[in-house]
Amino acid sequence: GVRPQMLTLFFSSAFLFILDRYETKQNWCLLVLLPLLMLAWVNLHAGYFIGLVIIGICLTAEILRYLVARLRKLTPSSGLISNAGRLVVSLAATVLATLANPQGVRLLLYPFQTLGDPAMQKYIQEWYPPDFRQAIWLPFLLGLMLTVLFVILGRKKLTLTQFLLLLVLLWLILLVWLL
């Protein structure tokens with residue numbers, strides 16, 4: 001049946017959509033939606049922390065663009081600085097929104113406590129690493145391989161933000177698999 005994790009998939013998708021539109025359209029008003037979505041997410045599922053990670057990755061991409069421009073001795077456009085600043089403000093507002101829950105600040109530590117708990121890792125089936133020797137995991141493996149293939153052969157190149165998001169996601173998948 002439908003599980004609470006589906007809420008995290010929905011909110012993660014919403015965050016990715018909003019941040020992609022922000023990056024392509026440069027419409028900072030979209031960032032106002034992130035803390036509002038977080039108000040619901042933090043009270044519906046503990047996977048809310050993924051939203052903070054997604055914003056952090058987008059912020060990292062903006063900082064890297066700025067640093068590359070500085071290293072190339074180009075004058076970084078004020079847009080890069082203001083984009084990073086807007087993302088910092090959005091991240092701060094979204095973190096503050098996480099405090100609007102019955103647990104308050106304690107809920108910020110919950111994802112780390114949960115992920116570090118050996119009993120939860122042992123007994124929560126969804127957290128098991130994929131076993132590619134089982135046929136049920138072959139579509140997932142095929143999807144991973146096709147994703148990498150499309151990135152390499154695709155006509156449209158990934159933006160730095162998209163590349164970092166994909167890299168972190170693949171790293172997390174493989175990290176779980178290697179544990």
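Helix 1 gives the most to the lining of the largest cavity, with 3 residues. Helices here (H or I, at least four residues) and strands (E, at least two) are DSSP runs, numbered from the N terminus. This is a predicted model, in which local features need pLDDT of at least 70 and side-chain atom pairs count only at pLDDT 80 or more, whereas totals for chains, interfaces and linings use all residues. Residues are numbered from 1 along each chain as its sequence is written, and side-chain values use heavy atoms, with hydrogens and water left out.

The protein chain has 8 helices and 0 strands, and its pattern along the sequence reads α-α-α-α-α-α-α-α. Its C-alpha trace spans about 50 × 45 × 25 Å along the principal axes.

Helix 1 (residues 5–25) and helix 3 (residues 49–71) have axes that come within 9 Å and cross at roughly 20°; axes are lines fitted to C-alpha atoms, for helices over the stretch in contact, and angles run from 0 to 180 degrees between N-to-C directions. That makes helix 1 roughly parallel to helix 3, given that angles under 35 degrees count as roughly parallel, over 145 as roughly antiparallel, 65 to 115 as roughly perpendicular and the rest as oblique. Contact means heavy atoms within 4.5 Å, and by this rule Thr8, Ser12, Phe15, Leu16, Leu19 and Glu23 of helix 1 meet Ile50, Gly51, Ile54, Ile55, Cys58 and Arg65 of helix 3. The residues of this contact divide into 7 nonpolar, 3 polar and 2 charged, where Ala, Val, Leu, Ile, Met, Phe, Trp, Tyr, Cys and Pro count as nonpolar, Asp, Glu, Lys and Arg as charged, and the others, Gly among them, as polar.

Helix 1 also packs with helix 2 (residues 33–44), at an angle of about 170° and with the axes 11 Å apart, and the two are therefore roughly antiparallel to each other. Helix 1 contributes Leu7, Thr8, Phe11, Ser12, Ala14, Phe15, Ile18 and Leu19 to this contact, and helix 2 contributes Leu33, Leu34, Leu37, Met38, Ala40, Trp41 and Leu44. By class, the contact of helix 1 with helix 2 holds 13 nonpolar, 2 polar and no charged residues.

The axes of helix 2 and helix 3 come within 10 Å and cross at roughly 160°, so these helices are roughly antiparallel as well. Leu34, Met38 and Trp41 of helix 2 make the contact with Ile50, Gly51, Leu52 and Ile55 of helix 3, a set with 6 nonpolar, 1 polar and no charged residues.
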